[in-house]
Amino acid sequence: MKKDTVILIAEDDSGHFQLIKKNLWLTCVDSEIIQFKNGQDVLDFLFDMDTNAADEDMKQYILLLDIRMPKVDGMEVLRKIKEDEKLRRIPVIMLTTTGEPNTIKQCYALGCSFYMVKPVDYALFMEAVQNLGKYLSLETIRLPFIKSNCA
Amino acid sequence: MVKKEGDMLGCSNADATIIRLRRFVITISVLWTGAICVSLVANAYREYKDARKAAKIENRSTFNKDLAYRRWAAERGGVYVPATDKTPPNPHLSHVPERDITTPSGRQLTLVNPAYMTRQVHEIGAGHYHVQGHITSLNPIRPENAPDKWETAALEAIARGEVREVSMIAAMNGEAYMRLMQPLLVEKGCLKCHAAQGYKVGDIRGGISMSTPMKPHLAIARSSVMTLAVIHSAFWLAGLGGISFGGWKFKGQLIKCQKAEEERERLLKILAYKNEELESIMYVSAHDFRTPIINIMGYSSELTEDCKRLKAMLKELKISAETEPSFFRILDDNIPMSLKYISSSAVKVGILQKGLLAVCRVGREELNVETVDMNGLIAEIIINMQYQIKESKAAVNVSYLPPCQGDKEKLSQVFTNLLDNAIKYLDPNKAVQINVSGKADKETCVYCVEDNGIGIDPRYHDKIFEIFHQLDPAGAVEGQGLGLTIVRRIIQRQGGRVSVKSEVGKGSKFFIELPSFSRRGGP
Amino acid sequence: MKMLEDTAILIMEDSEDHFQLIKNNLLPTHTDSDIIQFKNGRDVLDFFFKANGEVCFEDRKKYILMLDISTSQVNGIEVLKKIKRDVQTKKIPVIILTETDDPDTVEQCYSFGCSTYIVKPEEYQDFEETIQKVGHFLSVVETTLIQ
């Protein structure tokens with residue numbers, strides 16, 4: 001994966017965040033990883049970006065989004081991102097504990113790219129996150145460029 | 001959802017019932033008023049009829065008495081009375097010999113014939129009694145005896161032989177009278193005076209008319225009718241009062257009933273709300289358990305890995321022979337044992353959490369109720385369970401199953417769980433035999449899954465449906481104790497029932513009752 | 001591993017070779033899934049929509065769609081647009097798997113709502129590896145029913 005890709009992880013539980021980060025690293029993901037502890041922080045980060053910044057500041061983002069989070073929940077974050085003309089291009093992968101069919105359906109209807117359930121069993125958890133990591137590290141994967149002045 | 005049952009009083013739609021009740025009360029009142037009126041009119045009519053009858057009887061009895069006196073006088077050829085101014089010799093009897101005689105003492109007596117006598121009696125009567133008699137004839141000897149208009153008509157009708165007597169109410173001097181005209185037939189005694197006119201015995205010589213004024217009779221009738229009217233009014237009012245009271249009482253009951261119904265609905269709403277709240281709490285907490293469980297499991301695995309790495313590193317380091325065993329005891333035994341308990345407990349909590357979530361989900365997921373072809377459904381399940389069926393060498397026998405109303409996917413889960421249990425709890429000493437059967441009537445379908453497995457003690461028949469209940473947790477059969485809980489929740493949500501018949505060593509029969517195909521518009 | 005017996009993988013790919021290669025490399029992770037080939041965009045749209053635009057497809061199925069946007073006839077981007085515009089079919093994750101490496105096309109596909117854009121690697125070995133990774137990833141992804 002290219003170095004200028006930033007993986008945004010919205011995850012209120014630090015334990016989960018560490019486990020996710022660790023397993024992504026295990027698959028040689030060398031992208032920058034930023035954690036957000038609640039939905040509002042993600043929205044603030046994305047919507048405060050200067051989308052008219054110079055080309056050299058353009059970055060590729062991918063968002064891993066949990067649903068149950070303080071302040072603004074993941075579904076609301078997803079809705080707001082997908083309603084925005086520019087931000088909607090960011091691939092959003094739901095990574096959450098809920099496997100509720102209704103929630104899955106709602107997220108896809110809102111426009112998430114993929115929906116993943118965190119398995120309780122750690123072996124499966126590792127497999128899931130590592131498969132995600134390997135997928136995101138594909139040489140030929142192309143992501144949209146979002147202009148940004150953020151580091 | 002609670003199906004609304006229409007009860008006897010129609011509590012559920014009390015407003016409509018109150019309108020119906022009002023209509024009923026009005027109808028009954030109208031009918032009651034009508035009945036009272038009819039009774040009053042009928043009674044009044046009878047009173048007036050009686051009055052006429054009484055007048056008639058009075059006429060007739062007076063007439064009969066007159067006739068009797070008259071006959072007595074006629075049979076004796078008249079009577080002699082002292083000739084006075086009041087009773088002068090009858091000029092119409094001038095042809096009768098010895099009309100006037102003198103007693104030895106010299107008193108003048110004159111003959112009074114029946115007609116004369118009757119007339120005189122009538123004249124007295126006219127003064128004293130209200131019944132007026134009048135002797136008359138179409139061919140009167142005495143001109144004063146000539147009939148009036150009514151008498152003429154009556155006499156003519158009798159003479160024509162149309163009637164034997166005439167009796168009716170007629171006006172006389174502007175007042176109503178009951179009048180009677182009876183013919184006077186010529187008897188032998190009559191001929192003494194009337195032979196000269198050429199009459200024979202049996203001829204109609206004239207008539208006696210009797211007139212009773214209706215006034216007193218009508219007065220009696222009127223007063224009776226008044227009494228009747230008062231009594232009827234009293235009854236009418238009492239009746240109306242009774243009806244209104246009854247209606248009012250009933251309405252009160254209805255309103256009470258309606259209030260009770262409203263209260264019941266309110267409580268049901270609260271209950272449903274509380275239930276929903278509870279389910280949602282249960283669901284959310286069941287759900288939130290996942291986060292810490294993932295951490296516990298994840299980090300104990302990480303710790304295990306770290307221990308291994310640490311051990312490898314320690315092996316490379318030079319440690320004194322004294323301390324080495326205790327290092328490795330910690331790394332080989334203590335830490336792994338602690339981690340084993342931590343993660344096995346986490347696994348257990350994880351399983352419970354998953355089960356709880358599954359049970360919650362049954363209560364939350366939308367139902368997709370349709371007509372379900374149960375034969376197809378069971379066939380599909382059997383295909384999916386082929387491996388387990390073969391493994392247990394079970395003979396599954398499915399007879400014709402009627403269709404029912406339900407959620408296909410959920411029902412599939414129900415029967416999968418039941419068949420799964422039948423296979424799980426098999427009796428190792430018997431060839432496994434599972435029968436699936438069903439029957440339907442208008443309202444419900446009952447399906448039965450029967451096995452010849454180890455059976456269930458009747459003491460535990462209620463327990464087996466409880467969440468996480470396992471009859472023999474340490475036994476050979478592994479499970480979460482959720483299958484039947486989910487079965488019951490699914491079936492209850494679809495308006496059905498689950499029951500079990502079983503005894504230890506005699507196998508089990510699970511009955512699933514659901515709305516049948518013919519019952520339209522599900523729960 | 002999660003069972004995917006409900007999910008059908010629809011692949012719009014006009015090259016028979018590529019389809020076979022994709023299919024063979026998805027099979028290990030999707031033994032129970034239907035893997036269906038569509039030769040062109042018209043067929044994909046016909047699969048989902050009736051002539052009058054009404055949605056018509058098998059009920060109670062989950063789908064994943066892989067699109068080669070360079071396929072002739074109806075343009076792949078058109079297919080993506082149509083699928084993402086319909087309330088029901090927009091819930092299907094769409095992976096663009098194509099030869100085109102044009103940044104504008106990439107941006108366009110993401111703004112129309114594709115899930116990921118992957119360029120087919122030129123080397124056979126890399127292609128196989130890429131598809132296997134896609135397969136492994138898809139095996140841990142939840143999909144949803146279309147009704």
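# Strand pairing, helix packing and chain contacts

A:Leu63 has A:Val92 as its bridge partner in β4(A). The structure is a predicted model, in which local features need pLDDT of at least 70 and side-chain atom pairs count only at pLDDT 80 or more, whereas totals for chains, interfaces and linings use all residues. Residues are numbered from 1 along each chain as its sequence is written, and chains are lettered from A and ligands numbered from 1 in the order in which they are written.

## Chain A

The bridge between A:Leu63 and A:Val92 belongs to the parallel pairing of strand β3 (residues 59-65) with β4(A), which extends over 3 bridges. Strands count as paired if DSSP finds at least two bridges between them.

Taken over the whole of chain A, 48% of the 151 residues count as buried. The chain contains 5 helices and 7 strands, where helices (H or I, at least four residues) and strands (E, at least two) are DSSP runs numbered from the N terminus. In order from that terminus, the elements read β-α-β-α-β-α-β-α-β-α-β-β. Of the contacts in chain A with a separation of 6 or more, 74% involve residues 24 or more positions apart; a contact requires C-beta atoms, placed from the backbone, to lie within 7 Å.

Between chains A and C, 27 residues of chain A are in contact with 25 residues of chain C. On the chain A side, at least two residues each come from α4 (101-110), β5 (114-117), α5 (122-136) and β6 (141-142). The element that gives the most is α5(A), with 6 residues. This side of chain A has 15 nonpolar, 5 polar and 7 charged residues; Ala, Val, Leu, Ile, Met, Phe, Trp, Tyr, Cys and Pro count as nonpolar, Asp, Glu, Lys and Arg as charged, and the others, Gly among them, as polar. Strand pairing also links the two chains: β5(A) and strand β6 (residues 141-142) of chain C run antiparallel and are joined by 2 bridges. The bridge partner of A:Tyr115 in β6(C) is C:Glu142.

Between chains A and B, 11 residues of chain A are in contact with 11 residues of chain B. Here α1 (14-26) and α5 of chain A each supply at least two residues of the chain A side. The largest share, 3 residues, comes from α1(A). By class, this side comprises 4 nonpolar, 4 polar and 3 charged residues.

## The sheet of chain B

In chain B, 3 strands form an open antiparallel sheet in the order β1-β3-β2. Its edge strands, each of which pairs on one side only, are β1 (79-82) and β2 (100-102). From one strand to the next, the twist averages 35 degrees. Strand β3 (residues 108-112) pairs with β2(B) in the antiparallel sense over 3 bridges, and B:Leu109 in β3(B) stands opposite B:Ile101.

Axes are lines fitted to C-alpha atoms, for helices over the stretch in contact, and angles run from 0 to 180 degrees between N-to-C directions.

| Helix pair | Packing angle | Axis separation |
|---|---|---|
| α5 (residues 214-288) and α7 (residues 323-364) of chain B | about 145 degrees | 9 Å |
| α3 (residues 76-85) and α4 (residues 103-112) of chain C | about 20 degrees | 9 Å |

The angle makes α3(C) roughly parallel to α4(C), a class for angles under 35 degrees (over 145: roughly antiparallel; 65 to 115: roughly perpendicular; the rest: oblique). The crossing of α3(C) and α4(C) is left-handed, that is, the near helix is turned anticlockwise from the far one by less than a right angle (right-handed if clockwise). C:Ile77, C:Leu80, C:Lys81 and C:Lys84 of α3(C) make the contact with C:Gln108, C:Cys109 and C:Phe112 of α4(C). These residues divide into 4 nonpolar, 1 polar and 2 charged.

The crossing of α5(B) and α7(B) is also left-handed. In α5(B), B:Glu279, B:Met282, B:Tyr283, B:Ala286 and B:His287 meet B:Gln353, B:Leu356, B:Leu357, B:Cys360, B:Gly363 and B:Arg364 in α7(B). That contact has 6 nonpolar, 3 polar and 2 charged residues.

How values were computed: Two residues are in contact if their C-beta atoms, placed from the backbone, lie within 7 Å. A residue is buried if 20 or more other C-beta atoms lie within 10 Å of its own, exposed if 12 or fewer, and partly exposed in between; C-beta atoms are placed from the backbone.
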